[in-house]
Amino acid sequence: MKTCPECGKNFNGRADKKFCSDECRCSYNDRLNRDRKKGIRWIDRILMKNYSILKECIKMGKTVTDVSYLLRMGFDFEYFTSIPGKCPESGSVWIACYTCFYSVTEEGEILIRDGENEDGRKYAQS
Ligand SMILES: [Zn+2]
């Protein structure tokens with residue numbers, strides 16, 4: 001006897017049979033996919049928020065700021081999309097959130113650049 005992981009019913013079947021029915025197999029896999037998508041959407045939201053915060057800073061002309069300011073805005077430093085290269089000004093790397101970049105200096109300052117203009121492309125390639 002085996003137990004179906006979807007409905008909990010006991011059933012008889014071949015050794016490789018995991019679910020009592022096709023219905024249970026489908027609903028189990030559907031849920032698994034839904035959960036995965038939920039996780040991805042959640043990270044997408046964080047990245048989009050980080051991106052909007054950087055964009056907002058650039059719009060306000062705040063291209064030098066600090067960690068605590070970004071944290072207050074709701075920035076999440078754990079998530080980014082890539083590390084496109086080294087930032088000569090900070091001596092550290094550029095961290096990208098889609099087309100916006102930031103770099104943290106030794107003093108804890110944050111330099112922000114917009115990657116959608118000429119300069120940004122230059123940063124992305126360096
Ligand atoms: Zn079942």
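Two residues are in contact if their C-beta atoms, placed from the backbone, lie within 7 Å. By that rule, residues 24 or more positions apart account for 33% of the contacts in the protein with a separation of 6 or more. The model described here is predicted, and it contains three helices and seven strands, which follow one another along the sequence in the pattern β-β-α-β-α-β-β-β-β-α.

**Overall form**

- The protein has a radius of gyration of 23 Å, whereas a compact globule of 126 residues would have one near 14 Å.
- Along its principal axes, the C-alpha trace of the protein spans about 70 × 30 × 25 Å.
- Buried residues make up 17% of the 126 residues in the protein.

**The sheet**

- Strands of a sheet pair through backbone hydrogen bonds, and the pairing can be either parallel or antiparallel.
- In this protein, five strands form an open sheet with antiparallel pairing, and their order across the sheet is E3-E7-E6-E5-E4.
- Strand E3 (64–66) and strand E4 (82–86) stand at the edges of this sheet with a single partner strand each, so one side of each is left without a neighbour in the sheet.
- From one strand to the next, the twist averages 35 degrees.
- Helix H1, made of residues 22–59, lies across E3, strand E5 (93–97), E6 and E7, and runs at about 80 degrees to E6.

**How the strands are paired**

- Strand E6 (residues 100–104) and strand E7 (residues 109–114) run antiparallel and are joined by five bridges.
- Within this pair, Phe101 has Arg113 of E7 as its bridge partner, Tyr102 stands opposite Ile112 in E7, and Ser103 stands opposite Leu111 in E7.
- E3 and E7 pair in the antiparallel sense over three bridges, and here Val64 stands opposite Leu111 in E7.

- E5 and E6 form a hairpin with two residues between them, and in the turn Tyr98 has a positive phi of about 55 degrees.
- Most residues other than glycine have a negative phi.
- Tyr98, by contrast, has a positive phi although it is a residue other than glycine.
- Tyr98 lies in the loop between E5 and E6, and this residue counts as partly exposed because 16 other C-beta atoms lie within 10 Å, a number that falls between the limit of 12 or fewer for exposed residues and the limit of 20 or more for buried ones.
- The hairpin of E6 and E7 has four residues between the strands, and in this hairpin Gly108 takes a positive phi near 90 degrees.

**The nonpolar core**

- The largest nonpolar core has 14 residues, of which Leu54, Ala96 and Phe101 touch the most other members.
- H1, E5 and E6 each supply at least two residues of this core, and the largest share, four residues, comes from E5.
- E6 is mostly covered, with four of its five residues buried.
- When residues up to four places away in sequence are not counted, Ala96 touches Phe80, Thr81, Ser82, Pro84, Phe101 and Gly115.

**Around Lys9**

- Lys9 has its place in the loop between strand E1 (2–3) and strand E2 (10–11).
- Lys9 is exposed because 12 other C-beta atoms lie within 10 Å, and a residue counts as exposed at 12 or fewer.
- Leaving aside residues up to four places away in sequence, Lys9 touches Cys4 and Cys20.
- The C-alpha atoms of Lys9 and Phe19, which are ten residues apart along the chain, are separated by 9.1 Å.

Conventions. Residues are numbered from 1 along each chain as its sequence is written. This is a predicted model: local features need pLDDT of at least 70, side-chain atom pairs count only at pLDDT 80 or more; totals for chains, interfaces and linings use all residues. The radius of gyration is taken over C-alpha atoms; the globule rule is 2.2 Å times the number of residues to the power 0.38. Two strands pair if DSSP finds at least two bridges between them. Axes are lines fitted to C-alpha atoms, for helices over the stretch in contact, and angles run from 0 to 180 degrees between N-to-C directions. A nonpolar core is a set of buried Ala, Val, Leu, Ile, Met, Phe, Trp, Tyr and Cys residues joined through C-beta atoms within 7 Å.
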